[in-house]
Amino acid sequence: DELNRLAGTHKYGKAISEGIPTVIAGKPNTGKSTLMNLLCGTDRAIVTDIAGTTRDVITEQVKVDDILLNLADTAGIRESGETVEAAGIKRSIKEIEKSTLIIAVFDSSSPLTEEDEELVSLLKGKEDRVITVLNKCDKECRAQSPLPDPVYMSAAKGEGFDKLQEKILSFAGAAEADTQDIVVSARQYSAIERALENIEDAINALDGFTQDIAGMDIEVALSAIAEAKSYE
């Protein structure tokens, strides 16, 4: 049970040590860059009312509580005949595919559009790594969330930011992790997984085999535990 608990902290430990590859995605003018700046605590991205301002992927590493986000703000997903913007949109789609966490931003002050639906289509099969944000909730709400369990925000005013942070920490596994004892190293995690496998083999060996057979598996498990401790 203790080893299973430790193994369960690795997702959070990795988020602390290496960061979570995270992308902010949405159609133009949903407030992605404003949200990027809010997370960064500074004006990292240019914010205007002109659709298509962000032409490329803007990256930054930011902290949310103890965890790191390797954050990317992307060009808005839409049809574009402008060469530079179109290239940026292609990169945005690549970022969505490779990121561990996707913050999907929708403008709640206007009805959903075909561009919103295109983003929803891109997110099919990835729902377990999506946090949905309905932005601009300081204005009249005219859109329902196309994805479940959204965070209602006004990134421009900072409203709802605490709820977004809670979602990010939950995704990182903060609730399951005891901050006094977290597995950060990939090698340590691998050693714990090997110890768990050998302990399970030892338990199974007691059903029909001698204690000596089980003892051999326990010896291997102890060796793996010692290896895990050596990485502390």
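Trainee: Which residue forms a salt bridge with Asp116?
Mentor: In this predicted model, Asp116 forms a salt bridge with Lys27, and the closest N and O atoms are 3.2 Å apart.

Trainee: Is Asp116 buried or exposed?
Mentor: Asp116 is buried, because its relative accessible area is 3% and the cut-off for buried is under 20%. Lys27 counts as buried too, with a relative accessibility of 8%.

Trainee: Why can such side chains pair?
Mentor: Side chains of opposite charge can do so when their charged atoms come close.

Trainee: How many salt bridges are found in the whole structure?
Mentor: A search of the whole structure gives nine salt bridges. One of them joins the side chains of Glu95 and Lys98, at 3.4 Å from N to O.

Trainee: What separates Glu95 and Lys98 in helix H4?
Mentor: Helix H4 covers residues 83-98, and the two are three residues apart in it, which means a separation of about one helical turn.

Trainee: And Glu95, buried or exposed?
Mentor: Glu95 counts as buried at 15% relative accessibility, whereas Lys98 counts as exposed at 61%.

Trainee: Which residue forms a salt bridge with Asp107?
Mentor: That partner is Lys136, with the closest N and O atoms 3.6 Å apart. The pair links distant parts of the chain, 29 residues apart: Asp107 is in strand S4, and Lys136 is in the loop between strand S5 (130-135) and strand S6 (151-152). Both Asp107 and Lys136 are buried.

Trainee: Turning to the strands, how many residues of S1 are buried?
Mentor: Strand S1 spans residues 20-25 and is mostly covered, with five of its six residues buried.

Trainee: Which strand do five bridges join to S1?
Mentor: Five bridges join S1 to strand S3, residues 67-73, and the two run parallel. S1 is also joined by four bridges to strand S4, residues 101-107, again in a parallel arrangement.

Trainee: What stands opposite Val23 in S3?
Mentor: Ala72 stands opposite Val23 there. In S4, the bridge partner of Val23 is Ile102.

Trainee: Where does Leu71 lie?
Mentor: Leu71 is part of strand S3, and it counts as buried because its relative accessibility is 0%. Between Leu71 and Cys40 there are 9.1 Å in space, C-alpha to C-alpha, and the two are 31 residues apart in sequence.

Trainee: Now the surface: which residues make the nonpolar patch?
Mentor: Phe209, Ile213 and Met216 make a nonpolar surface patch of about 330 Å². Phe209 is in the loop between helix H7 (186-205) and helix H8 (211-230).

Trainee: Is Phe209 buried or exposed?
Mentor: Phe209 is exposed, because its relative accessible area is 56% and exposed means over 50%.

Trainee: How many aromatic pairs are there?
Mentor: The count of aromatic pairs comes to zero.

Trainee: What sits over the ring of Phe171?
Mentor: The charged end of Lys11 sits over that ring, 4.4 Å from the centre of the ring.

Terms used. Residues are numbered from 1 along each chain as its sequence is written. This is a predicted model: local features need pLDDT of at least 70, side-chain atom pairs count only at pLDDT 80 or more; totals for chains, interfaces and linings use all residues. Side-chain values use heavy atoms; hydrogens and water are left out. Buried means under 20% relative accessible area, exposed over 50%, partly exposed in between (1.4 Å probe, protein chains only). Two strands pair if DSSP finds at least two bridges between them. Patches are made of residues with over 30% relative accessible area and no salt bridge: like charges are joined within 9 Å, nonpolar side chains (Val, Leu, Ile, Met, Phe, Trp, Tyr) within 5 Å. Accessible areas come from the Shrake-Rupley method with a 1.4 Å probe; for residues, only the protein chains shown count as cover. A salt bridge is a side-chain nitrogen of Lys or Arg within 4 Å of a carboxyl oxygen of Asp or Glu. Rings of Phe, Tyr and Trp (its six-membered ring) pair if their centres lie within 6.5 Å; planes under 30 degrees apart count as stacked, over 60 as edge-to-face and the rest as tilted. A charge sits over a ring if NZ of Lys or CZ of Arg is within 6 Å of the ring centre and within 35 degrees of the ring normal.
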